Amino acid sequence: DINKMRILQELGITSSSSSQEKLPPHGGINWFRGTGLQGDPELIHKYYTSAQEDDLNDEEKMDLANILVSDVPAERLKWILRKTMGSPDAFEFRRNELKEEQEFVAR
């Protein structure tokens, strides 16, 4: 499944950085370019290269959470699953599955 191959790359995890609490900045998703959606590489680039928030127009003066993709691993994974992989409930399904397994083993 190609989606599984994308996870580590999109998370920004390398073999030497797998224990990080924060991930490197996300550069955006190419097919979001020009959409104005969270993960739009043009908005992210404009945010990082603008000297001040004043360089952004009113529409672009969104909350940073609406421009940038989280640098917290679990939050970024949730975003990837929800917004780019079409699996909005996958994170919670897996969390519940692990909880049930843990409860079963504890018996």
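Tutor: Gladly! Let's start with Arg-6, which lies in helix α1 (residues 2-11); a helix here is a DSSP run of H or I with at least four residues, numbered from the N terminus. This is a predicted model, where local features need pLDDT of at least 70, side-chain atom pairs count only at pLDDT 80 or more, and totals for chains, interfaces and linings use all residues. Residues are numbered from 1 along each chain as its sequence is written, and side-chain values use heavy atoms, leaving out hydrogens and water.

Student: Why does Arg-6 count as buried?

Tutor: Buried means under 20% relative accessible area, with exposed over 50% and partly exposed in between (1.4 Å probe, protein chains only). Arg-6 has 17% relative accessibility, so Arg-6 counts as buried.

Student: What does Arg-6 touch, not counting residues up to four places away in sequence?

Tutor: Arg-6 touches Trp-31, Thr-84 and Met-85, where contact means heavy atoms within 4.5 Å.

Student: What makes α3 oblique to α4?

Tutor: The axes of helix α3 (residues 73-84) and α4 come within 9 Å and cross at roughly 125°. Axes are lines fitted to C-alpha atoms, for helices over the stretch in contact, and angles run from 0 to 180 degrees between N-to-C directions. Under 35 degrees is roughly parallel, over 145 roughly antiparallel, 65 to 115 roughly perpendicular, and the rest oblique. Therefore α3 is oblique to α4.

Student: Which residues of α3 and α4 meet?

Tutor: On the α3 side, Ala-74, Leu-77, Lys-78 and Leu-81 meet Ala-90, Phe-91 and Arg-95 in α4.

Note on methods. Helices (H or I, at least four residues) and strands (E, at least two) are DSSP runs, numbered from the N terminus.
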